[in-house]
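I opened my notebook to look up a few local features. Here is the structure I worked from.

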Amino acid sequence: MGYKEKYEYWLNSDAIDEKDREELKSIAGNEKEIEDRFFKDLSFGTGGIRGVRGIGTNRINKYVIRKATQGLANYMLKYNEKEAKERGIIIAHDCRIGSREYALNTARVMAANGIKAYIYESLRSTPELSFGVRYKGCMSGIVVTASHNPAEYNGYKVYWDDGAQVVDPHAPAIVDEVNKISTLEEIKVISEEEGREKGLIIQLDHKIDDDYIAAIKKQTIHTDIPGKEDFKIVYTPLHGTGGRPMKRILSDFGYNFEVVKEQIEPDGNFPTVVYANPEEVAAFKLGTKLGNEIGAQLILANDPDADRIGIAIRDDKNEWYYPNGNQVGLLLLQYLLNYKKDIPADAQVITTVVSTPMIDVVAPAKNVGVMKTLTGFKYIGQKIRQFENKELKGSYLFGFEESYGYLIGTHARDKDALVTSMVISEMATYYHSKGTSIYKELQKLYEKFGYYLEGIKSVTLKGKDGIEQMAALMSNLRENVKDELLGKKIKIKRDFFSHKEHNLETGEEKEINLPKENVLQFVLEDNTFITARPSGTEPKIKFYFSVNADSSENVKAKLDKTMEEFSKFIGL
């Protein structure tokens with residue numbers, strides 16, 4: 001069906017509630033709005049389904065959620081009907097508008113298909129959902145969240161029985177099952193009451209929360225830190241799910257902390273921030289204000305589903321400094337390498353192809369290997385499973401991606417801001433007790449290994465025209481950038497779509513042993529990295545940059561120049 005036909009079908013379908021039908025009636029005659037809502041279906045990307053809330057196939061709503069769930073149910077039943085019904089699925093949701101409704105609709109569809117649905121009584125973090133999949137022995141898991149996206153978004157992530165987000169072969173097979181559903185009437189759904197009466201919708205008790213917290217606490221290294229009470233910490237969940245568990249963890253370890261009162265309660269409107277994203281300095285405004293008032297030296301901020309963390313620390317001038325995701329990853333890795341006991345001889349750090357290449361000198365200096373995956377923590381989770389199943393040689397030590405996601409331990413198989421917040425608090429307090437700081441330790445890393453700096457340019461291209469523009473841009477980079485970029489020779493060109501790595505200096509070509517994805521990476525003669533990656537879940541394209549130089553001043557100037565020149569080159 002074309003977008004007009006889809007609109008008319010939804011407008012007249014008995015599956016659509018009257019209130020939602022009224023929303024569709026309100027856009028009658030608005031051709032551009034109807035096209036934008038119905039020109040395509042939301043599809044699975046690196047984080048499942050994500051989109052703006054509203055009624056339509058290109059929006060997040062209970063009907064799109066039901067369709068995705070029916071497709072997943074169909075796949076689970078085909079994969080192993082007996083196990084699907086015995087093991088069931090676990091469902092969590094965050095604080096966003098509509099999240100509880102979408103989670104319950106997910107449970108209702110699963111129950112209608114005879115699959116048990118375990119559901120948390122109220123909002124829970126994404127990492128606790130990941131933990132819960134293996135804890136309950138489920139075949140699959142779902143968390144309703146849009147992570148750090150703006151308030152108008154919501155989304156839906158699917159996990160498999162290892163607790164990681166779905167990857168091949170499950171992910172494309174689930175998408176196929178979803179795409180086979182052509183009408184809303186094909187979707188099975190029963191009431192919440194019927195599902196509970198039949199024992200198919202089961203509410204989880206607090207034991208799972210306690211055991212998740214206990215698993216996190218096992219990752220602590222230094223417990224008895226002198227002067228702990230003198231080091232002040234500020235914590236904010238940015239109106240998200242992290243507040244309750246994080247207060248518990250910090251209290252249990254005796255840290256001296258205060259929460260940002262205006263942001264501690266869950267609120268899907270995110271009233272005190274424009275963007276509830278700890279990657280943004282603006283999100284720290286209230287945190288640093290409180291930090292200044294009480295003399296804090298560390299600010300911790302989690303995103304709404306508590307899988308990402310950003311921090312603010314004091315620099316050598318006692319001003320706030322905001323380490324980027326790569327810097328925090330390197331600091332955590334160095335702390336583990338220096339103080340964690342019993343690191344296996346075959347330990348591996350897993351990161352992504354767009355994360356800092358500085359990892360390639362820091363980890364080997366302590367005889368630790370480095371593996372790189374595509375963007376998306378699901379690929380890091382996949383590596384953990386492959387280590388455990390002896391499909392890969394090595395043992396998991398630490399995983400991180402530049403977008404402020406980290407996992408210490410294997411209790412979860414997705415990034416976990418709660419365990420990371422705990423370890424950062426410990427690291428900062430421990431360094432303080434030794435007369436140093438996170439900032440000073442970061443400078444030591446640069447002095448030892450060289451100065452690296454990363455940047456991201458993110459361009460939003462909305463609607464059908466935007467998708468076409470992104471495709472044309474990637475095609476131009478792929479086909480027309482041959483030997484030179486920004487006046488520098490290209491040393492290596494990696495095309496993750498064709499699985500080819502070309503070394504232009506030696507003429508060598510080799511296979512890239514990673515899943516197929518529309519990503520291009522250029523390594524220039526001075527070891528500048530430029531990577532282009534259209535998002536799988538949002539209408540945007542991201543460009544990642546990494547440069548290195550001999551001083552902090554020179555590396556910043558080099559990054560600024562590289563990003564400015566590239567922006568002119570692509571015309572965006």
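Is Cys95 buried or exposed? I found Cys95 buried, because its relative accessibility is 12%, and buried means under 20% relative accessible area, exposed over 50%, partly exposed in between (1.4 Å probe, protein chains only). Cys138 is buried too, with a relative accessible area of 0%.

A note on my source: this is a predicted model, where local features need pLDDT of at least 70, side-chain atom pairs count only at pLDDT 80 or more, and totals for chains, interfaces and linings use all residues. Residues are numbered from 1 along each chain as its sequence is written, and side-chain values use heavy atoms, leaving out hydrogens and water.

Next I looked for disulfides, meaning pairs of cysteine sulfur atoms within 2.5 Å. I counted 0 disulfides by this rule.

Then I turned to the backbone. Most residues other than glycine have a negative phi, and most peptide bonds are trans. Which peptide bond did I note as cis? That was the bond from Asp168 to Pro169, with omega near 5°. Pro169 sits in the loop between β5 (153-160) and α7 (170-180); helices (H or I, at least four residues) and strands (E, at least two) are DSSP runs, numbered from the N terminus.

I also noted positive phi values. Asn318, not a glycine, has a phi of about 65°, and I placed Asn318 in the loop between β10 (309-314) and β11 (320-321). Lys390 has a positive phi near 65° and lies in the loop between α14 (377-388) and β14 (395-401). With a relative accessible area of 72%, Lys390 is exposed.
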